[in-house]
Amino acid sequence: MGYDNRDYAYGAQPGIHLQPPQTVTMKLVLITFGVYVLQVVLGEAFSGRFVLTADWFVEPWRAYTLLSYGFLHDPRGVQHILFNMLMLWMFGRELEAVYGRREYLLFYLWAIFFAGLLWSISEASVGRGQAAMLGASGGISALFVLFALNYPHRQVLFMFIIPMPMWVVALMIVGHDIYGSIYRTSNIAFTAHLAGAGRAGRVGQRLCRERQYVC
């Protein structure tokens, strides 16, 4: 075989080359968008099977909804999923590089599960067993707080306009969620946001100590 016929003798081939996403963050984004497409196409029959209701424990075989709800979003508009996936992409990539794929993925999935569990307990305790929740916000809140623990002085644009350090933005958002959960100012699942933030606070501090990062 001559030198010209060997594979390593060729440079990059021209044209478009499609490659699967290399990061867990991008895979999560694509999976979530794929689920959203199924929601739009298949309608309520699909979403109703995977949405989390506060009384899921009455039918314990539906415990899988403690995780599946985090991949659903409001099919009546794109704002919900676009905002959550933008936050996942913005903060998840760097956290994945810091903690590694496996630990990062487990953290995100556990945050969704923990947020759903505490939300369902909170809603059921006040007689709102029929309340339903969907969306990745619990996991996104956990990532946001974890990012703030790792990079408290990183400058970000609050509301995409006002530059602020991460720790200030994190305190403002957590404070808003505390107020919303106490006074129930809207149908937003503030309790799930706080559960995700709390999960990040515990896990983030432990992981930071193990890796000797400054949190």
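Q: In which helix is asparagine 84 found?
A: Asparagine 84 is part of helix H4, where a helix is a DSSP run of H or I with at least four residues, a strand is a run of E with at least two, and both are numbered from the N terminus. The model is predicted, so local features need pLDDT of at least 70 and side-chain atom pairs count only at pLDDT 80 or more, while totals for chains, interfaces and linings use all residues. Residues are numbered from 1 along each chain as its sequence is written, and side-chain values use heavy atoms, with hydrogens and water left out.

Q: What makes asparagine 84 count as buried?
A: Its relative accessibility is 3%. Buried means under 20% relative accessible area, with exposed set at over 50% and partly exposed in between, for a 1.4 Å probe and protein chains only. Asparagine 84 therefore counts as buried.

Q: How do you know that the side chains of asparagine 84 and histidine 73 make a polar contact?
A: The contact between these two side chains has a distance of 3.1 Å. A polar contact is a pair of N or O atoms within 3.5 Å; within protein, one must be able to donate a hydrogen and the other to accept it, and residues adjacent in sequence count only if both atoms are side-chain atoms.

Q: Which residues does asparagine 84 contact, leaving aside its neighbours within four places in sequence?
A: Asparagine 84 is in contact with His73, Gly135, Ala136, Ser137 and Ile140, contact being heavy atoms within 4.5 Å.

Q: Where does histidine 73 lie, and what makes it buried?
A: Histidine 73 sits in the loop that runs between helix H3 (65-68) and H4. Histidine 73 has a relative accessible area of 0%, and therefore is buried. A polar atom of the histidine 73 side chain lies 3.4 Å from the backbone nitrogen of alanine 136. Apart from neighbours within four places in sequence, the contacts of histidine 73 include Thr32, Tyr36, Asn84 and Ala136.

Q: Why is H4 called oblique to H5?
A: Helix H4 (residues 79-99) packs on helix H5 (residues 101-125) at an angle of about 135 degrees, and the axes are 7 Å apart. That angle is why H4 is oblique to H5. Under 35 degrees counts as roughly parallel, over 145 as roughly antiparallel, 65 to 115 as roughly perpendicular, and the rest as oblique. Axes are lines fitted to C-alpha atoms, for helices over the stretch in contact, and angles run from 0 to 180 degrees between N-to-C directions.

Q: Which hand has the crossing of H4 and H5, and what makes the contact?
A: The crossing of H4 and H5 is right-handed, meaning that the near helix is turned clockwise from the far one by less than a right angle, whereas anticlockwise is left-handed. On the H4 side the contact is made by Leu88, Gly92, Leu95, Glu96 and Tyr99, and on the H5 side by Arg101, Glu103, Tyr104 and Tyr108. These residues of H4 and H5 divide into five nonpolar, one polar and three charged. Ala, Val, Leu, Ile, Met, Phe, Trp, Tyr, Cys and Pro count as nonpolar, Asp, Glu, Lys and Arg as charged, and the others, Gly among them, as polar.

Q: What makes H1 oblique to H5?
A: Helix H1 (residues 24-42) and H5 cross at roughly 40 degrees, their axes coming within 10 Å. That value makes H1 oblique to H5. Val24, Thr25 and Leu28 of H1 meet Arg101, Tyr104, Leu105 and Tyr108 of H5. The contact of H1 with H5 holds five nonpolar residues, one polar and one charged.

Q: Why are H1 and H4 called roughly antiparallel?
A: The angle between H1 and H4 is about 165 degrees, with axes 8 Å apart. H1 and H4 are therefore roughly antiparallel to each other. The crossing of H1 with H4 is right-handed. Among the residues making the contact are Val29 and Phe33 of H1 and Met85 and Trp89 of H4. The residues of the contact of H1 with H4 comprise eleven nonpolar, three polar and two charged.

Q: How do you know that threonine 65 is buried?
A: Threonine 65, in helix H3, has a relative accessible area of 0% and so is buried. Threonine 65 touches Arg49, Phe50, Val51, Leu52 and Trp56, not counting residues up to four places away in sequence.

Q: How many helices and strands are in the chain?
A: The chain has eight helices and four strands. Of its 215 residues, 40% count as buried.
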